[in-house]
Amino acid sequence: MHSLTSLHTFGLSSSGNQVISIDSFDMLQKQFMNVTTDPFCILGGGSNTVFLDDYQGTIFKMALKGIQIEESDSEYLVTAAAGENWHQLVEYCMQEGINGLENLALIPGTVGAAPIQNIGAYGVEIERFIRRVDYFDLHAHSVKSLDREHCQFDYRDSIFKSQLAGQFIITQVVLALPKNWMAVTQYGELQNLTAPTPMDIFNKVVALRKSKLPDPIKIGNAGSFFKNPIIDKKLFTELQQEWPEIPNYPIDASNVKVPAAWLIDRLGFKGKKNGGIGCHPNQALVLFNDGTGTGEQLLQFARSIKSAVSHTFSINLENEVRLMDSQGLVTL
Ligand code: FAD
Ligand code: EPU
């Protein structure tokens, strides 16, 4: 058995039958050329995956490396392999004078996982820059490509979480970054920046994130535990009558996004603990492991939050993190 504790940022004590690092395309092909019925799990940096229990299948850790840059008159095309670290890619691009990714600085994890939940922060989602995602199709046993239009990107969502779930291994991502850079500063505290350079935005995002989110190296966590719910305007208007201060972000004519952190905070969970699992005192949407937490305590705590939010606000919270038990994915 291999310890999985350091392979996922939540850091629960768990182990797996086998961990295989995939560091070349040949190796990937060899491993997946034949149909396998044995349970397996693809893992990047483990920052959106929680191993609640000992995992009975094989874990394939994506370690494909490589970055290539091409340019035309109007844009840079950055091709990065799935096992590259996301934040290091952001830094590398900025050192090369390629801007646009600064709002997405300091998001943990790998390049290959980034399109799956369409990573987003501070007013930008990665879909804005995706030109193409290349993946190994586990049914056809060949490499396929999807351009952005076919990835069905949405808030924390893509085709990789729906139609293609379980059928693909992302091998590389191609990003298109326009040379005509435009600052995105409409989110929260970024609005205070005047005529910022890309590096000003990068520095501000890094500082904000460090002040709000616990560092997984010091305290086990997986970022936002739940997604921010998108609710219809009728329900929102009803809620607003009781809680006029409820924060909200309009989505379209009939839907509104509300911060799950506010709902959880309002119910008094912030700073509370269940055994070794806690709701972070600075950010109610982040559940953490003080080093002694167990999968059972986490499930119990997350379910009690979900049920209280449903009871008080009639809102169904969905977990953003991927919860894995001994057999595979579980839902709350
Ligand atoms: P993993 O947890 O290893 O994997 C996530 C899922 O993708 C799993 O289902 C896995 O099977 C699958 N997967 C991974 N790689 C591949 C591949 N190559 N092919 C096929 N499937 C694959 N997210 C945001 O969007 N915005 C944020 O601001 C943000 N902040 C965070 C802050 C902290 C402190 C933490 C801990 C997490 C945060 N996250 C955020 C969540 C996380 O960083 C992202 O979801 C990230 O993309 C996960 O990358 P990973 O490589 O660690 O994925
Ligand atoms: N709030 C509270 N209590 C808290 C924290 C926040 O009431 O303890 C309220 C405040 O009204 C605040 C609002 O919630 O204005 C939003 O908070 P914040 O700006 O911290 O963002 P978030 O909605 O909690 C989302 C993403 C983060 C991303 C930030 C910045 C989701 C699920 N989470 O968090 O992504 O970094 O915005 O863009 O969409 C992640 O996905 O893991 C993640 C960290």
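1. Basis of the note. Because the model is predicted, local features need pLDDT of at least 70 and side-chain atom pairs count only at pLDDT 80 or more, whereas totals for chains, interfaces and linings use all residues. Residues are numbered from 1 along each chain as its sequence is written, chains are lettered from A and ligands numbered from 1 in the order in which they are written, and side-chain values use heavy atoms, with hydrogens and water left out.

2. The shell around ligand 1. Ligand 1 is surrounded by 33 residues (a residue counts if one of its heavy atoms lies within 4 Å of the ligand), and the closest are Ile42, Gly44, Ser47, Thr110 and Gln117. By class this shell holds 17 nonpolar, 13 polar and three charged residues; here Ala, Val, Leu, Ile, Met, Phe, Trp, Tyr, Cys and Pro count as nonpolar, Asp, Glu, Lys and Arg as charged, and the others, Gly among them, as polar.

3. Oxygen atoms of the ligand lie 2.5 Å from a backbone N or O atom of Ile42 and 2.8 Å from a polar backbone atom of Gly46, while a nitrogen atom of the ligand is 2.7 Å from a polar side-chain atom of Arg209. Taken alone, ligand 1 exposes 980 Å², of which the protein buries 93%; accessible areas come from the Shrake-Rupley method with a 1.4 Å probe. Two or more residues of the shell come from each of strand 3 (40–43), strand 8 (120–121), strand 12 (168–178) and strand 13 (220–224), where strands (E, at least two residues) and helices (H or I, at least four) are DSSP runs numbered from the N terminus.

4. The sheet that holds strand 3. Four strands form an open sheet of mixed pairing in the order 1-2-5-3, two strands being paired if DSSP finds at least two bridges between them. Strand 1 (2–3) and strand 3 are the edge strands, each pairing on one side only. Strand 3 runs parallel to strand 5 (residues 55–62) over four bridges, and Ile42 has Phe60 in strand 5 as its bridge partner.

5. The shell around ligand 2. Here 24 residues surround the ligand, with Tyr155, Tyr187, Asp265, Lys270 and Gln283 the closest, and the classes are twelve nonpolar, five polar and seven charged. Oxygen atoms of ligand 2 lie 2.9 Å from a polar side-chain atom of Asn228, 2.7 Å from a side-chain N or O atom of Gln283 and 2.8 Å from one of Glu320. The protein buries 81% of the 830 Å² that ligand 2 exposes when taken alone. Helix 3 (198–212), strand 13 and helix 5 (260–266) each supply at least two residues of this shell, and helix 5 gives the most, with three.

6. The sheet that holds strand 13. Strands in the order 13-19-18-17 form an open antiparallel sheet, whose edge strands are strand 13 and strand 17 (273–274). Helix 6 (residues 295–313) packs on this sheet, touching strand 17, strand 18 and strand 19 (286–289) (contact means heavy atoms within 4.5 Å).

7. A hairpin. Strand 10 (residues 130–137) and strand 11 (residues 142–147) pair in the antiparallel sense over six bridges, with Asp134 opposite Ser145. Four residues lie between the two strands, and His141 in the turn has a positive phi of about 55°.

Methods:
A polar contact is a pair of N or O atoms within 3.5 Å; within protein, one must be able to donate a hydrogen and the other to accept it, and residues adjacent in sequence count only if both atoms are side-chain atoms. Axes are lines fitted to C-alpha atoms, for helices over the stretch in contact, and angles run from 0 to 180 degrees between N-to-C directions.
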